[in-house]
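Welcome! Please take a moment to look over the sequence and the 3D structure below before reading on.

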Amino acid sequence: MTLSAINLDDVRAAVDAALDTLNVSLRKVNHEIWSNPELAYQEHRAHDTICDFLEQQGFTVTRHAYGLETSFEALSGSGGRLINFNAEYDALPGIGHACGHNLIATSSIAAFLALSFALKKFNIPGRTQLLGTPAEENGGGKARLIDAGAYKNVDISLMAHSGPKKLFPDQEAAEGIAGTLMNARKKIHCEFTGKSAHAGGNPWDGVNALDALVAAYNNVAVLRQQLLPEQRIHCAFMDTPKVANVIPAYTKAFWQVRSPSLKGLNSLVAKVRNCIDAGALATGCEVHIEEEELYTDVRLNDTLCERYQIHMGGYGRKVLKRHEKVLTASSDIGNVSYVTPTLHTMFGIPTPEHVFPHHPAFAAAAGTDEAHTEAVVVGKSLALIGWEMVADDTLFNTARQQWQDEIARDD
């Protein structure tokens, strides 16, 4: 069958039929992941659950892919462009799937299955990739997968993240946002080394590493007065004194620094480093600083956002094309958006009022049948975008050009 003879309504009908048939099985996979939350790089049960399910559907799966124990890769189709879907499934300490990664996995699995079946049914060239991407919350799984070559041949990357139906106070009446700006983020680890002494007997002989850490913290607190509204700095003290009568010789902390653009992040990180160095200088301590786990900002793609808005509208969901306010969270999907045109949409699920991700009540909402239904609808819409990116040269080339222009833009 030629592409010109294939009507998009026929593709949508094929997508709907495929996922309606598999919906009960998809719900079991979703529930298994949600019921057994696992932390970054420990998602063994989720990994095995998804891989077993895909193999039962006849797909060949590479387990423990790209050198990561809890990553996997499933590929289907031949020739044509490669459409990637990203499945996240890590949870948060103590509050389980309070970021709804079980729903991310569900929507991406659904999209992969639907697009794979559609390409096969209509016999057109095109390839799909479902990539298991562990450790989004902490650990930067996608960044490591990029380094390992997992996205090397990907033409378009698609995924969706759940959230409350109203993300922003000024948001119009809509059930999701196709394009949401997110902060770039980097971690800064620091260790202060001083000299021990008896705090009562000869404190003058000591060099106080706690003073260095507190001074650095206060320096950053002063810096906050000059932050842009969307910028964020968070700190955790990892190693501090356990007794009060000894001048401490060692302390350790780390900061997370966030800014709406990579350029802004680099500038802010330099200022935070100065604050840390100043704490060491003021107290006479030595300091060791390490930067790690860069999450870039997300580069939005208007074509992909528009197609998602249209397809979700076809399923009766009103979705905003984009929102110009920065969602001050961060994700390693931003790193992917610097490698290939990417869609990282936010879709709404029923939640109690004023409940957002990283709250126990959101974890409960992410496990409901209603949330699962939304994830499957989102998966159908992602599959239809994937179809268009394979079958429509004009749409694909437009998305690709927009991505190139966005990457070249200096923030």
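## About the model

This is a predicted model, in which local features need pLDDT of at least 70 and side-chain atom pairs count only at pLDDT 80 or more, while totals for chains, interfaces and linings use all residues. Residues are numbered from 1 along each chain as its sequence is written, and side-chain values use heavy atoms, with hydrogens and water left out.

## The open sheet

Let's begin with the strands. Helices (H or I, at least four residues) and strands (E, at least two) are DSSP runs numbered from the N terminus, and two strands pair if DSSP finds at least two bridges between them. Eight strands make up an open sheet with mixed pairing, in the order E1-E2-E4-E3-E5-E14-E6-E13. At its edges are strand E1 (61-63) and strand E13 (320-327), each of which pairs on one side only.

Inside this order, strand E2 (residues 72-78) and strand E4 (residues 126-132) run antiparallel and are joined by six bridges. Gly 77 stands opposite Arg 127 in E4. Strands of a sheet pair through backbone hydrogen bonds, either parallel or antiparallel.

Helix H3 covers residues 101-122. Buried means under 20% relative accessible area, with exposed over 50% and partly exposed in between (1.4 Å probe, protein chains only). Because 19 of the 22 residues of H3 are buried, this helix is largely enclosed by the rest of the structure. Just after H3, Asn 123 takes a positive phi of about 55°.

Helix H7 (residues 302-314) has 13 residues and reaches 18 Å from its first C-alpha to its last, close to the 18 Å expected. Its buried residues include Leu 304, Tyr 308 and Met 312.

## The annotated domain

UniProt, in an unreviewed entry, places the feature "domain: Peptidase M20 dimerisation" at residues 187-279; such annotations may be inferred rather than shown by experiment. Over residues 187-279 the chain is 35% helix and 31% strand, with the end C-alpha atoms 18 Å apart.

Terms used:
Expected span 1.5 Å × (residues − 1).
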